[in-house]
Amino acid sequence: MAGSAVSVQGVSKTFGSGADGVQALSAIDLVVDAGEFVSLLGPSGCGKSTLLRIVGDLLAPTSGSVTVNGKSPAQARLDRDYGMVFQAPTLLEWRKVARNVQLPLEVMGMDRAEQERRGREMLELVELQQFADHYPWQLSGGMQQRVAIARALAFRPGLLLMDEPFGALDEMTRERMQMELMQIWRQTGTTVVFVTHSIPEAVFLSTRVVVMSPRPGRIAGVVEVDLAQPRVFETREASQYFAKLNVVRELLRGSEAVP
Amino acid sequence: MPEKVSQRRPLRVVSGVVVILISLLAAWELYKIVGEQTTLLNFCKGKFCARSDDRSMPHVWKIFQTLLEPPRRGGEESLLSLLLAAAWFTWREALAGFLVGTLGGFFLAVAFSRSALLERGLMPFVVGSQTVPLLAIAPMVVIWSGQAGLPTIIPVAAIAAYLTFFPVTINTLRGLRSPEANAAELMKSFAASPRQTLWKLQVPAALPYLFTALRIAAAASVVGAIVAELPTGIQDGLGRILLTFNQYFITGPERLFASVVGSALLGIVFVSLVAILEKVVLPPKRRVVV
């Protein structure tokens, strides 16, 4: 299992208990290899965000086991093995952009000069170095989300967990952010687990798309996306891209037919 | 052009205050004229309309005039300088109570935010403490601290603190809980300790809430100090002056009115100081930029 960044075995999650209990996930098995870009795709209520939170030790599974870099999720979290990005940028409004990016390093207890150097480096990665001294509210939604990505990468984690990070952005900004994420992924070699409910987004970004279906949340199928790397603007115009879209779409429809 | 607007703002605020002040004074005098020169108010006067005679409602200029005269015949000091000295004295008591109450209220909120059990257990007492009339508590506190041989400033500051801590606790607690769930998850993903989450996320998020409470607390601490001065027998504060001129109301009502205005001004100045501190401490928040 040396190559596996995330390994999920037989994971179930029930919120509440007894008759009021809601089963969010049922018997999930998933292995994500280092360097992969895996999307969790499905309609709302399919448990994709819950699964991501279990991997990040923000929620505990009801049963089953999870390892991250061969460790328990709790240990991986304490070792700062992953970075997290949410749909909302969740920037601290009283901190300037640079200090937002440095926040995880500050928590870690890194010395100030090193924090600033690393913070600058991360802002360069998302091409926002000239906005270091701005407050978050002075930035557009897309730029705020890039700051959130820079912050998540500040530890230089091997794994990036993203929960519908572009869900709140307009279509044009969204496509540009996808291109940037692809570039960051290639540049850093970070493993990405990416939650989305957009079929084109999942297909464009991923090396594998995990299609999930709701009530209870389970894996309906996994689609390998062997489109050429690097993914570029033209990728979206290729016939193989449309073919993959259809495969995923069929899988989603098939999973919905199940009562 | 946001700069231009913000430069003009203080001027507009001041002119707004002046306009309202003049309107209120004019309304006061107008009521007197209507009450005394006409029979319009006769049907209700002394029932639910205030009497308009010079004893019940002295002329505005009489009130201002009395500020410049010594309150006692043959006295040297004008009422104004007497009031200023008393306000300065009372403010220091109020400030001591304000600081103690703020600190205590803040840490109580932190404790409540950590422990739901503590909150459920103690909150009824905190609320109850504010329901008991201050007039009932003040003499008790004064007597207890007198028996303990403490200087008189202690019970006065304690009572000011007693009125201060409540809004601070309630608002700070709300502020500490204001960060969205994602922000807490984010801190957890950084492997932040509870203390780091408190100081780097919750406390900064609570600051705007805290400052709202501090404005309420600043005004309340002045009331607390004035009320506490009465049973303490403190001679140098606003409490004594208000009590004295209350007793001499029949012969010089305008002196009581002037003292009331003076006490109100102390509260306004204190609250304004807190507002200035807020401007200095809090970074520019989201503003509408045109």
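The C-alpha centres of domain 1 and domain 2 of chain B lie 31 Å apart in this predicted model. Domain 1 covers residues 2–57 and domain 2 covers residues 86–281, with bounds that come from an automatic or database domain assignment. Local features of the model are reported at pLDDT of at least 70 and side-chain atom pairs at pLDDT 80 or more, whereas totals for chains, interfaces and linings use all residues. Residues are numbered from 1 along each chain as its sequence is written, and chains are lettered from A and ligands numbered from 1 in the order in which they are written.

The secondary structure of chain B consists of ten helices and zero strands. Helices (H or I, at least four residues) and strands (E, at least two) are DSSP runs, numbered from the N terminus. The C-alpha atoms of chain B occupy a box of roughly 75 × 60 × 40 Å along the principal axes. Of the 290 residues in chain B, 31% are buried; a residue is buried if 20 or more other C-beta atoms lie within 10 Å of its own, exposed if 12 or fewer, and partly exposed in between, with C-beta atoms placed from the backbone. Among the contacts in chain B with a separation of 6 or more, 76% link residues 24 or more positions apart. Two residues are in contact if their C-beta atoms, placed from the backbone, lie within 7 Å.

Chain A contains eight helices and nine strands. The radius of gyration of chain A is 18 Å, close to the 18 Å that the globule rule gives for 259 residues, so chain A is as compact as a globular protein of that length. The radius is taken over C-alpha atoms, and the globule rule is 2.2 Å times the number of residues to the power 0.38. The box filled by the C-alpha atoms of chain A is roughly 55 × 45 × 35 Å along the principal axes. Buried residues make up 44% of the 259 residues of chain A. For contacts in chain A with a separation of 6 or more, the share from residues 24 or more positions apart is 69%.

One sheet of chain A is open and has three strands in the order E2-E1-E4, with antiparallel pairing. Its edge strands are E2 and E4 (63–68), each of which pairs on one side only. Neighbouring strands of this sheet are turned by 15° against each other on average, direction ignored; the axes are lines fitted to C-alpha atoms, for helices over the stretch in contact, and angles run from 0 to 180 degrees between N-to-C directions. Strand E1 (residues 4–15) and strand E2 (residues 22–33) of chain A run antiparallel and are joined by eight bridges. Two strands pair if DSSP finds at least two bridges between them. A:Ser4 stands opposite A:Asp33 in E2(A), and A:Phe15 stands opposite A:Val22 in E2(A). The hairpin of E1(A) and E2(A) has six residues between the strands, and A:Gly16 takes a positive phi near 75° there.

Strand E5 (residues 82–85) of chain A is joined by four bridges to strand E6 (residues 159–163) of chain A, and the two run parallel. In this pair, A:Met84 stands opposite A:Leu161 in E6(A). In a regular strand the side chains alternate between the two faces of the sheet. A:Tyr82 and A:Met84 point one way from E5(A), A:Gly83 and A:Val85 point the other way, and all are buried.

Two further buried residues of chain A were examined. A:Arg151 is located in helix H5 (residues 141–152) of chain A and is buried, with 29 other C-beta atoms within 10 Å. Leaving aside neighbours within four places in sequence, A:Arg151 is in contact with A:Asn100, A:Val101, A:Leu103 and A:Pro104. A:Arg151 and A:Gly119, 32 residues apart in sequence, are 8.0 Å apart in space, C-alpha to C-alpha. A:Cys46 is located in the loop between strand E3 (37–41) and helix H1 (48–55) of chain A, and counts as buried with 27 C-beta neighbours inside 10 Å. Not counting residues up to four places away in sequence, A:Cys46 touches A:Met212, A:Ser213, A:Pro214 and A:Gly217. The C-alpha atoms of A:Cys46 and A:Pro216 are separated by 6.9 Å, although the two residues are 170 residues apart along the chain.

The contact between the chains takes 18 residues from chain B and 17 residues from chain A. On the side of chain B that touches chain A, helix H7 (181–189) and helix H8 (194–232) each supply at least two residues. H7(B) gives the most to this side, with six residues.
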